[in-house]
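Please read it with the structure open.

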Amino acid sequence: MGCDGNNQLFPLTFAITEGENTDSWGWFLACIRNRVTKRMRICVISDRHPGIMAVMSDPHLGWAAPSGYHRICMHHFASNFMTRFKDKVLKNLVCRAALAITVRKFNKHMNTIGRINSEALQWLEAIPVHIWALSHDGGRRYGLMTTNISEVFNSVLKGARSLLVTALVQLTFFRLNGYFVARRELGGNRLTSDEQFTPYVDALLKGRVVKAGSMEIILYDHVKGLFHVKSRRGRTHRVNLHEKNCTCGKTLIYGVPCSHMIAACQHRCVDFRLFVDGHYSTRSYYDTWASLFHPILNEDEWPLYDGPTIVPLASMQRMGSGRPRSTRLHNEMDDREGITSITCGLCKQLGHNRRSCKNRNQL
């Protein structure tokens, strides 16, 4: 799953594999590079699955920097931390450190973690900080810290997972076509209306313009566009329009000018829209969803297949009947598969039913 300029999910590619392992992840990510896109500087956010980690660090597969950048989902990262140290207070501090926009706030939370548990701090420091902390990201994530956007689409296709492969592919095809048609229409309407950016960015800019109106601005260098901006709360930030940055860090991280930069632009009668990342433009949004799906012909109208004969590998055949048991490694984020909470119909307590209720004769 990807993310478009309107902060909505973009279904990039799908594959059916024998399982989630190093070989299948290597094949899948290599197919993305060979058959889907060769675009440089793509940021991939995932959990710390060994297969993904191996592929992303292999310089020959096209995902190592600067071709691509690998980042870790904050929820999975914090869950791994929780599994190791089993401390909710520390877990919350790790999330705060990961979400901190400035290095100053990041260091503050890390120091707090170190005072509580030095081993936990050593565990965090052993992991490259740029793959899990927003303040050290360099603007690769565009502010996305989790893989929640993928989980949303997984829930859409949840009912399809038990279908046969052909039915699964057909259902995915038709649902994706619906997604593309609706979003292509939205992009076309906004182009017709001469809207410059997506609704997501328009809402961000509107709120930040209002906030910028109450700020105090002091000009230091009109050539470099160097300003000192003081917010209503008394916090000061340095804005450099020439370098397109602000010490608050939000412009670099999100690709949208912060309220401090907007205040500086308004002070110098500069159009702050020039500092919005091009991926958020309406034209870019429309082009993202411009690809068309074509109607599927009846099977008797299909062209003859002219290609290699594919033979199933006997050693990979599943001998058991029924749906195979999930091999997914669960952690404290997940609900256990196949286990539901049972409530007794007599005493209303959890963990048993009315037939095994110890209070059956007393009620």
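**Notes on the predicted model**

1. Start with Arg283. With a relative accessible area of 45%, Arg283 is partly exposed; buried means under 20% relative accessible area, exposed over 50%, and partly exposed in between, with a 1.4 Å probe and protein chains only. Asp287 also counts as partly exposed, at 44% relative accessibility. The two form a salt bridge, with the closest N and O atoms 3.6 Å apart. Here a salt bridge is a side-chain nitrogen of Lys or Arg within 4 Å of a carboxyl oxygen of Asp or Glu. Asp287 and Arg283 are separated by about one helical turn, because they sit four residues apart in helix α12. A network is also present: salt bridges with shared partners join Arg190, Glu195 and Asp202.

2. Basis of the values. This is a predicted model, so local features need pLDDT of at least 70 and side-chain atom pairs count only at pLDDT 80 or more, while totals for chains, interfaces and linings use all residues. Residues are numbered from 1 along each chain as its sequence is written, and side-chain values use heavy atoms, with hydrogens and water left out.

3. Overall layout. The chain has twelve helices and eight strands. Helices (H or I, at least four residues) and strands (E, at least two) are DSSP runs, numbered from the N terminus. The C-alpha atoms fill a box of roughly 75 × 70 × 45 Å along the principal axes. Of the 363 residues, 34% count as buried.

4. Salt bridges between separate elements. The structure holds six salt bridges. One of them pairs Arg71 with Asp137, the closest N and O atoms being 2.7 Å apart. Arg71 is in strand β4 (residues 68-72) and Asp137 in the loop between α6 (118-125) and α7 (148-156), so the pair ties together parts 66 residues apart in sequence. Both Arg71 and Asp137 are buried. Another salt bridge joins Glu119 to Arg84, with the closest N and O atoms 3.6 Å apart. This pair links distant parts of the chain, 35 residues apart: Glu119 is in helix α6 and Arg84 in helix α3 (residues 74-85). Glu119 counts as partly exposed at 42% relative accessibility. Arg84 is partly exposed too, at 47%.

5. Strands β5, β6 and β7. What joins β6 to the strands on either side? Five bridges join strand β5 (residues 216-221) to β6, and the two run antiparallel. Five bridges also join β6 to strand β7 (residues 236-240), again antiparallel. Strands count as paired if DSSP finds at least two bridges between them.

6. Hairpins and faces. The β5-β6 hairpin has four residues between the strands, and Gly225 there takes a positive phi near 70°. The β6-β7 hairpin has five, with Gly234 at a positive phi near 95°. In a regular strand the side chains alternate between the two faces of the sheet.

7. Positive patch. Which residues gather in a patch of positive charge on the surface? They are Arg96, Arg104, Lys105, Lys108 and Arg235. Patch residues have over 30% relative accessible area and no salt bridge; like charges are joined within 9 Å, and nonpolar side chains (Val, Leu, Ile, Met, Phe, Trp, Tyr) within 5 Å. Helix α5 (residues 103-116) gives the largest share, three residues. Lys105 lies in this helix. At 41% relative accessibility, Lys105 counts as partly exposed.

8. Nonpolar patch. Phe174, Ile296, Leu297 and Trp302 make a nonpolar surface patch of about 450 Å². Accessible areas come from the Shrake-Rupley method with a 1.4 Å probe. Ile296 is in the segment after α12 (282-288). Ile296 counts as partly exposed, at 48% relative accessibility.

9. Met40 lies in the loop between α1 (22-36) and β3 (42-46). Met40 counts as partly exposed at 41% relative accessibility. The C-alpha atoms of Met40 and Ala65 are separated by 9.0 Å, and the two residues are 25 apart along the chain.

Key:
Lys, Arg positive; Asp, Glu negative; His and termini not counted. Charge placed at Lys NZ, Arg CZ, Asp CG, Glu CD.
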